[in-house]
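Me: I am new to this structure and would like to go through it one question at a time. Please show it first.

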Amino acid sequence: MSKIITKIVLTGGPAAGKTTLISRILKEFKQEDGWKVITIPESATDLISGFGIKPFGNCVSMEDFQYFVISDQLHKEQLALKATEMVPEENVLVIYDRAIFDDLAYITTEQFEKTLSYFGKSPDEVMAGYDAVLHLVTCAKGAEFAYNFGNAARYEDVSVAREKDDMTLKVWSSHPNLSIIDNSVDFEDKINRAIAKIYEILGQSVPEVSKHKYLIQMPDTSLLTSQLGATPVEMMQTYLINSSPNIERRIRQQKDGSGYLYFYTEKRIGDDGTRWVTERPISEKEYVNYLMECDAKLHPVLKQKYRFTFDERKMEIDIYPFSDEKAILFTYGKKDENCMIPDCIRIIQEVTGDPEFKNRRLAFRQKL
C-alpha cells in the first residue's frame, strides 16, 4: 500500500486559533490509529523569538525579514516532505502553521516574486505544493475579548490584526481548496468546524460529536483489551496557579507511541460568560518548567484512557488510580439515538454535564 500524504496549510490573522487547532489535530489523528502528523512551525515566530531577527525595532527591513522567513520555510518544508518518506505510517498529515504565501501579506508582489526567484521557485509552483488551505479568522473579528498579546512575536493591535487577516485571505484566495473558518458561534465550534473540514479533505466521514458521560463500575481491563480491542493511553493533567481571575491554566502529558506529547491550555471567560479555550503543544522542557507553577490545592489528575469502538460508536473509559471501584465512560454518537453498551460494562448513572465529575473537581476531591 502506498503512502497517503495530505498537506494542509493553517493560516489567518493573529490570534485565530491555529495553535489550538494543531493541538486538536494531534489528539484527533493518533499514532495508535495509524496516523503520523508532521507539523511545520511558523517561521516568523521562530526567527523573532529565537534569533532576534525582526522587522521592527530598527533590526531589518520587512523585505529582508521575509527573505529569512521564506528561506527558513522552504528548508522546513523540504525536511518535512523527506520525513514523510521515512516514517512507517501509511497515512501522513503534514500541517503548516502558516506557509510561504503568508509572506505576501507583508511585502509587495514584486518583492515576493523576487525572493522566490532567488530560491529557484515560482508562485504557481509553491501554491501547487499544498493540498488545502484553512483560513481561521482572527478573534479580532467577532471575539475581541480573546485577542491578546501573549505571543511575544505578535505586535499587532486589534485594527492591524483585522487588516492582516484580510490581506492573508486575499493572498491565498487563488488556491482551489480554500476554506474559511469564522467566529460565528464560539471557539469550540470553530475548532470543531475546522476538524470537520480536515476530515472532508481526507475523504473521510466526520466522527459523531454528541458526547455522553457515565459513571460505571470498574471494568475488567483484560476484557476491554481482549474483547473490545481497547487501546490504553496514559495521561496526566496538572492545574497551574491562575494568572488572572478570568484565566484558568493547565498542562497535560499524554503517551504517544513510545514517547510523550505535552500541551499547555488556557480557558478564558469573557464578561458575557463566553468561553475561549486555547491549547498549544509544548516541549518537554517547557512542560517541566510549567510544573513549577502547579496549584498546590489541586492534585494532578492521572488516568489510563481506554479507547475502542462498539456498535459503530467511539467510546472511551477513564480509569483513575484513586478509585478501585468506579470509572468514567464516554460515548460518542448520533443525537437521540439509543446507545448500546458492551455487556462487560455496568452503568451506575449518567453524569453528562455534572460539574462534580469534571477533571478540575476530581483534581480537588480525588474521588469518584
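Me: Which backbone nitrogen does the side chain of Asp295 reach?
Reply: The model is a predicted one. Asp295 sits in the loop between helix H9 (284–291) and strand E11 (301–310). From there its side chain reaches, at 3.0 Å, the backbone nitrogen of Lys297.

Me: Is Asp295 buried or exposed?
Reply: Asp295 touches Tyr239, Leu240, Ile241 and Arg360, leaving aside residues up to four places away in sequence. Its relative accessibility is 9%. The cut-off for buried is under 20%, so Asp295 counts as buried.

Me: How many bridges join strand E7 to E11?
Reply: E7 covers residues 231–239 and runs antiparallel to E11. The number of bridges joining E7 to E11 is 7.

Me: In E8, what is the bridge partner of Met235?
Reply: E7 is also joined to strand E8 (residues 247–256), by 5 bridges, and the two run antiparallel. In E8, Met235 has as its bridge partner Gln254.

Me: Which strands stand at the edges of the open sheet of 5 strands?
Reply: The pairing in this sheet is parallel, and the order is E2-E3-E1-E4-E5. A strand with a single partner has one side left without a neighbour in the sheet. The strands at the edges are therefore E2 and E5 (178–181).

Me: What is the average twist from one strand to the next in that sheet?
Reply: The sheet in question is the open one with the order E2-E3-E1-E4-E5. From one strand to the next, its twist averages 20°.

Me: In E3, which residue is the bridge partner of Ile40?
Reply: E2 and E3 run parallel and are joined by 6 bridges. In E3, Ile40 is partnered by Tyr96.

Me: What angle does the direction of H7 make with that of E4?
Reply: Helix H3 (residues 62–86) packs on the sheet, touching E1, E2 and E3. H7 packs on the sheet as well, touching E1, E3, E4 and E5. The direction of H7 makes with that of E4 an angle of about 175°.

Me: Which element gives the most residues to the largest nonpolar core?
Reply: This core has 29 residues, and Leu21, Ile25, Phe29 and Leu93 have the most contacts inside it. Elements that each supply at least two residues include strand E1 (4–11), helix H1 (18–28) and helix H7 (187–201). The one giving the most, with 6 residues, is H7.

Definitions and conventions
Residues are numbered from 1 along each chain as its sequence is written. This is a predicted model: local features need pLDDT of at least 70, side-chain atom pairs count only at pLDDT 80 or more; totals for chains, interfaces and linings use all residues. Side-chain values use heavy atoms; hydrogens and water are left out. Helices (H or I, at least four residues) and strands (E, at least two) are DSSP runs, numbered from the N terminus. Buried means under 20% relative accessible area, exposed over 50%, partly exposed in between (1.4 Å probe, protein chains only). A polar contact is a pair of N or O atoms within 3.5 Å; within protein, one must be able to donate a hydrogen and the other to accept it, and residues adjacent in sequence count only if both atoms are side-chain atoms. Contact means heavy atoms within 4.5 Å. A nonpolar core is a set of buried Ala, Val, Leu, Ile, Met, Phe, Trp, Tyr and Cys residues joined through side-chain atoms within 4.5 Å. Two strands pair if DSSP finds at least two bridges between them. Axes are lines fitted to C-alpha atoms, for helices over the stretch in contact, and angles run from 0 to 180 degrees between N-to-C directions.
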